Amino acid sequence: MGPFLCVGPTGDAWNRAAQEYGRKTLDRFSGEFAKWMRGDTRVKDDRAVSPGDIADYNLILFGDPGSNSVLARIGGKLPIHWTKKEIVMGDRKFSAADRVVALIYPNPLNPQRYVVVNSGHTFGEKEFRGTNALLFPRLGDYAVMDTDGNVAVSGFFNESWQF
């Protein structure tokens, strides 16, 4: 419910699928936010994010740690392990070649704010056209999905932000 900044990737993604998913998700989120929420999203490239942005905004990071330098900077401080080859979430492992991560977590660079990875609202055009009762999150605090959005695992962290 606080101010947020979308952070687009500028680097070379570890895999093309994650890069395309991140860009598509950012574009969809920005477009739907403008149309249905009647406001423009703030968007910056990852390389342009300043200490002031980290202090003032919840960050929505798109891409993977190879393409988004902010995500790479905090990657070791998140409860997931994301490499070029695999994504480890709790005791589950997934190939990083065809999967992406979506999550919300306290920002390791500013615990008063959050980071969101590869997600905006998790409902879409169909739900916006319906009733407000349909505008609720479709994923938990974390998810691993294929690049078509099919969920392999999702869930909620405990009160200590652990699996």
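In the predicted model, V88 has a relative accessible area of 16% and is therefore buried, the cut-off being under 20%. This residue lies in strand 5, which spans residues 86-89. Apart from its neighbours within four places in sequence, V88 is in contact with I80, H81 and K93. Between V88 and V101, 13 residues apart in sequence, the C-alpha to C-alpha distance is 9.9 Å.

The chain as a whole contains four helices and 10 strands, arranged from the N terminus in the order β-α-β-α-β-α-β-β-β-β-β-α-β-β. Of its 163 residues, 45% count as buried. Among contacts between residues at least 6 apart in sequence, 61% join residues at least 24 apart.

Aromatic rings form seven pairs in the chain. The pair of Y105 and W161 is edge-to-face, because the ring planes stand at 80 degrees, with the centres 5.6 Å apart. This pair links distant parts of the chain, 56 residues apart: Y105 belongs to strand 7 (residues 99-107), whereas W161 is in the segment after strand 10 (151-155). Y105 is buried at 12% relative accessibility, while W161, at 23%, is partly exposed.

Y142 and F157 form a tilted pair, with 5.0 Å from centre to centre and 45 degrees between the planes. Y142 lies in strand 9 (residues 142-146) and F157 in the segment after strand 10, so this pair ties together parts 15 residues apart in sequence. Both Y142 and F157 are buried. Ring pairs join Y105, Y114, Y142, F157, W161 and F163 in a cluster.

Note on methods: Residues are numbered from 1 along each chain as its sequence is written. This is a predicted model: local features need pLDDT of at least 70, side-chain atom pairs count only at pLDDT 80 or more; totals for chains, interfaces and linings use all residues. Side-chain values use heavy atoms; hydrogens and water are left out. Helices (H or I, at least four residues) and strands (E, at least two) are DSSP runs, numbered from the N terminus. Buried means under 20% relative accessible area, exposed over 50%, partly exposed in between (1.4 Å probe, protein chains only). Contact means heavy atoms within 4.5 Å. Rings of Phe, Tyr and Trp (its six-membered ring) pair if their centres lie within 6.5 Å; planes under 30 degrees apart count as stacked, over 60 as edge-to-face and the rest as tilted.
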